[in-house]
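This report describes the architecture of one protein chain.

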Amino acid sequence: MEKIAIIGGGIIGMTLANYVDTTKYSITLFDHGIGQATKASAGIISPWLSKRRNKTWYRLAKDGAAFFPKLVQDFALDPTIYARSGTLLLRQKEQLAELLDLAEERKKEAPEIGEIHLLKADQTADLLPLLKPTPSLFITGGGRLDGKAYLHYLTARLKRAGVTVINDKIRLQKRSDDWLILGEFGEEPFDRVILTPGPSLKPLLEPLGYQVDLRPQKGQLIAFTTHQFQSQKWPVAMLDGEADLIPFNDGKILLGATHENEQGWDLTPTNEAFLQLAEQTKAFFVQPEKLLSQPYQLQVGTRAYTSDFAPFFGPLFDEPNLIVASGLGSSGLTTGPYIGYLLAEFINTGKWHGTDYQKDLHNYIKKT
């Protein structure tokens with residue numbers, strides 16, 4: 001039986017590991033776990049109204065969002081992990097009219113966007129009572145995913161299936177026709193290795209002679225503990241600016257996240273992040289002083305970004321048994337599960353369907 005190592009247990013690696021055919025392959029998943037973006041994140045699955053000009057990225061994000069019903073069915077995800085909540089978009093009045101036109105146009109190729117409604121101010125507040133009465137655009141197809149809960153659930157699912165999970169920081173070496181994984185656990189050879197470690201892909205590949213276009217970006221979000229126990233019935237909200245408001249079950253409210261390019265691998269929660277997010281969003285809340293004074297904690301993770309803000313994934317051009325995936329940025333919870341599925345399909349069937357969703361890997365990885 002072919003031995004496969006998956007390095008990185010984030011959104012891609014964990015999805016991939018759960019889709020690989022364990023009757024054909026022996027799987028070991030290695031995950032250090034420190035700074036993992038997925039574990040610290042919770043995301044809005046609602047890419048259809050993005051104005052990014054990269055059509056290839058939009059195709060991936062659109063198909064990633066359309067993949068969620070299959071993901072929910074295949075893994076039996078419950079609403080505490082993923083829910084089709086609907087999405088509110090809060091913008092200036094003239095921008096809402098533009099977004100309405102964009103939504104109607106994109107629905108032609110993405111019916112999963114659901115119903116589209118231009119809401120009056122009081123209708124917005126009725127749907128999400130934390131918000132001031134403000135006009136908004138509401139699409140019913142949007143969803144929310146709890147990254148930490150998703151990883152916890154899939155890890156347990158892997159262990160029940162007999163897959164080995166090793167929590168260790170590893171190194172990678174080539175030995176004859178094998179790939180050698182080394183760490184505190186010892187060392188073990190594998191026939192194939194899939195690298196899905198986020199920004200850590202760069203230091204893993206550099207000793208093997210590869211230059212990788214990748215940088216770490218610190219992200220912090222605020223997790224509030226409130227008494228809003230009806231919160232699971234509320235939609236998510238994309239506020240005017242970079243911040244999102246994500247209600248979860250039992251009064252858990254998330255607000256964020258920051259995009260900090262100069263902090264590298266620093267995982268220290270900062271009061272500056274809280275103040276930045278509070279200042280950006282307080283104008284949207286009906287009682288900002290009440291929400292922002294609730295008990296909270298800051299969740300911190302490290303995203304991986306490329307120069308063109310697009311992900312890459314697939315077998316390396318000169319090492320077909322070395323497969324890579326990274327560069328998801330802030331859209332990882334939308335695109336990551338689908339990328340994991342595409343990689344698993346490639347392993348299970350030998351058929352590759354990732355070409356239409358990215359540039360050639362040479363744009364991101366070069367042999368030195």
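## A tyrosine and its surroundings

In this predicted model, Tyr150 touches Ile11, Thr15, Leu71, Phe75, Leu77, Ile81, Leu145 and Pro337, leaving out residues up to four places away in sequence.

## The nonpolar cores

Tyr150 also stands out within the largest nonpolar core, which has 67 residues: Tyr150 and Leu145 touch the most other members. Helix 11 (residues 332-349) supplies the largest share of this core, namely nine residues. Because domain 1 (2-38 + 148-214 + 308-362) and domain 2 (84-143 + 216-305) both give residues to this core, it lies between them. In general terms, nonpolar side chains tend to be buried together in soluble globular proteins.

Another core, of 26 residues, lies apart from the largest one. Among its members are Ile170, Ala304, Leu316 and Ile365.

## Packing of helix 1 and helix 4

Two packed helices are described by the angle between their axes and the distance between the axes. For helix 1 (residues 11-19) and helix 4 (residues 68-75), the angle is about 55° and the axes are 12 Å apart.

The crossing of helix 1 past helix 4 is left-handed. On the helix 1 side, the contact is made by Thr15, Asn18 and Tyr19; on the helix 4 side, by Lys70, Leu71, Asp74 and Phe75. Thr15, Leu71 and Phe75 are also among the residues that Tyr150 touches.

## Two domains

The protein chain is divided into domain 1 (2-38 + 148-214 + 308-362) and domain 2 (84-143 + 216-305). Taken over C-alpha atoms, the centres of domain 1 and domain 2 are separated by 30 Å. Between the two, 15 residues of domain 1 are in contact with nine residues of domain 2.

## Ser330 in a loop

Where does Ser330 lie? Its place is the loop between strand 21 (322-326) and helix 11. Is Ser330 buried or exposed? With a relative accessible area of 52%, Ser330 is exposed, because exposed means over 50%.

Ser330 is in contact with His259, Arg303 and Tyr305, leaving aside neighbours within four places in sequence. Ser330 and Tyr58 are 272 residues apart along the chain, and their C-alpha atoms are separated by 13 Å.

Methods:
Residues numbered from 1 in each chain as written. Predicted model: local features only at pLDDT ≥ 70, side-chain atom pairs only at ≥ 80, totals over all residues. Heavy atoms only, no water. Core = buried A, V, L, I, M, F, W, Y, C linked by side-chain atoms within 4.5 Å. Buried < 20%, exposed > 50% of the residue type's maximum accessible area, 1.4 Å probe, protein only. Helix = DSSP H or I, 4+ residues; strand = E, 2+ residues; numbered from the N terminus. Domains from an automatic or database assignment. Contact = heavy atoms within 4.5 Å. Axes fitted to C-alpha atoms, helices over the stretch in contact; angles between N-to-C directions. Left-handed = near helix turned anticlockwise from the far one by under 90°.
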